[in-house]
Amino acid sequence: MLVKRIVLDGFRNIRDRQIDTSAKQVILTGENGQGKTNLLEAVYMLCYGTSFRTQNIRDIISHGKDMMYLSSIFEDSQGLERKAELSFSEGKKQIKLDGKEVRDRKELIYCLPCIVFSHDDIEFVRGEPENRRRFFDQTMTMYDPVFFDDLRKYKLVLKQRNAAIKDQRTELLDIYDEKLASYGFQIMKSRRAVATSFSAIFPDIYNAVSQEDRGIEINYRPSWNEELGIEGIIEKLFNQRDVDLKMNTTTSGPHRDRFLISDRNGLFTSSASTGQMRLASLVFRSAQASFYRQKTGQNPIFLIDDVLLELDSQKRARYLSYLGHYNQAFFTFLPEEKYFGSMFELEGSQTLMYTVTEGSFHGKN
């Protein structure tokens with residue numbers, strides 16, 4: 001999989017209409033605020049149809065413009081050349097794949113999977129439980145369309161059930177409870193499986209890079225007891241209706257699940273330094289890529305946004321050795337950074353290097 005070139009119009013501060021990205025490594029250097037991350041965001045949007053930085057698509061339209069257009073020519077896992085397009089005009093977002101409108105974002109996701117490494121990833125470690133739920137759900141939706149559908153359906157039923165609770169329409173709850181239990185039970189099974197796989201991957205990478213053995217592990221704590229089965233969960237939802245009606249919301253279910261990161265001292269965040277939490281967030285992404293390879297036999301595209309700056313040179317070298325194989329990676333760096341060292345080929349067709357200044361991309365030899 002390879003993004004060969006990107007066309008941008010009206011996208012944030014980027015001025016260049018077309019940018020050549022036909023290399024295994026695309027390295028972007030420049031001061032903060034010049035447009036490096038904006039290009040990574042554009043690639044991400046062409047992979048997933050959404051931004052990793054904002055939920056409001058109007059935020060990404062260039063100042064003074066009222067529309068935005070992105071497109072990419074990419075090579076898929078079968079070696080076929082394809083085209084993805086995303087536009088926003090007159091308040092409407094449109095996604096096209098090979099000239100045909102995409103009605104379901106799922107069609108786009110499985111064509112060109114990518115993983116973004118960003119500073120916000122530290123929230124997977126130190127943030128609220130919903131951040132870790134979102135991470136693991138994203139991990140599974142990258143390869144499993146059944147989980148994708150179950151999660152969508154669960155969220156829809158949960159929204160409907162909460163509306164019925166607020167309106168005191170208790171006659172609807174039997175129907176919603178059955179659906180919530182059915183979809184929720186499948187989500188729990190999938191989350192249990194992914195947590196088990198991550199527990200086999202994550203500690204080894206963290207220990208190897210940090211050169212310390214904290215006994216770190218990831219544990220899944222579902223809101224419902226899986227041993228109850230679907231019928232038992234329906235009964236549980238019935239028995240807690242009075243509580244739900246009093247609290248005006250559904251108080252149990254996969255939307256309340258927790259993924260706990262712990263070590264020999266208890267919760268990891270209670271004793272870990274900011275640097276250790278930052279490293280753990282990077283390892284989360286590496287483990288995500290490794291998990292994806294195990295499930296699909298394919299390598300995702302990497303979008304690595306200035307996160308390596310947080311590591312000293314030795315940890316950076318060790319981390320890169322565990323980054324794993326990729327068909328293509330985009331890296332952003334400040335001008336004074338030392339990139340990778342000797343472990344990557346930075347010559348010829350393997351690498352494209354750009355200096356980014358005020359939204360313009362200048363090739364480097």
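Reader: In which loop does Asn248 lie?

Author: Asn248 lies in the loop between H8 and strand E10 (258-263). Helices (H or I, at least four residues) and strands (E, at least two) are DSSP runs, numbered from the N terminus. This is a predicted model, in which local features need pLDDT of at least 70, side-chain atom pairs count only at pLDDT 80 or more, and totals for chains, interfaces and linings use all residues. Residues are numbered from 1 along each chain as its sequence is written, and side-chain values use heavy atoms, with hydrogens and water left out.

Reader: What is the phi of Asn248?

Author: Most residues other than glycine have a negative phi. Asn248 has a positive value, near 70°. Asn248 is partly exposed, at a relative accessible area of 35%; buried means under 20% relative accessible area, exposed over 50%, and partly exposed in between, for a 1.4 Å probe and protein chains only. Glu358 also has a positive phi, near 50°, and sits in the loop between strand E14 (351-357) and strand E15 (360-363). With a relative accessible area of 47%, Glu358 is partly exposed.

Reader: How far apart are the end C-alpha atoms of helix H5?

Author: The expected span of a helix is 1.5 Å times one less than its number of residues. For the 22 residues of H5 (residues 145-166) that gives 32 Å, and the end C-alpha atoms are 32 Å apart, which agrees. At the start of H5, a side-chain oxygen of Asp144 comes to within 3.0 Å of the backbone nitrogen of Val146. Following H5 is Gln168, with a positive phi near 60°.

Reader: Which helices do the buried residues of H5 pack against?

Author: An α-helix has 3.6 residues a turn, so residues three or four places apart point the same way. The buried residues of H5 include Phe147, Leu151, Tyr154, Leu158 and Ile165. The buried residues of H5 pack against helix H2 (106-109), helix H4 (129-141), helix H6 (173-210), helix H7 (229-239) and helix H8 (241-247).

Reader: Which residues does Thr141 touch?

Author: Contact means heavy atoms within 4.5 Å. Leaving out residues up to four places away in sequence, Thr141 touches Ile109, Tyr110, Phe147 and Phe148. Thr141 is found in helix H4 and is buried, at 12% relative accessible area. A polar atom of the Thr141 side chain lies 3.0 Å from the backbone oxygen of Gln138. A polar contact is a pair of N or O atoms within 3.5 Å; within protein, one must be able to donate a hydrogen and the other to accept it, and residues adjacent in sequence count only if both atoms are side-chain atoms.

Reader: How many disulfides are there?

Author: A disulfide is a covalent bond between the sulfur atoms of two cysteines. The rule used here is a pair of cysteine sulfur atoms within 2.5 Å, and by it the count comes to zero. The sulfur of Cys47 is 3.8 Å from the closest cysteine sulfur, in Cys114, too far for a bond. Cys47 is buried at 0% relative accessible area, and Cys114 counts as buried at 2%.

Reader: Which side chain of opposite charge is nearest to Asp306?

Author: Lys and Arg count as positive and Asp and Glu as negative; His and the chain ends are not counted. A salt bridge is a side-chain nitrogen of Lys or Arg within 4 Å of a carboxyl oxygen of Asp or Glu. For Asp306 the nearest is Lys36, 4.4 Å away; Asp306 is buried yet has no salt bridge. A polar atom of the Asp306 side chain does lie 3.5 Å from the backbone nitrogen of Phe333.
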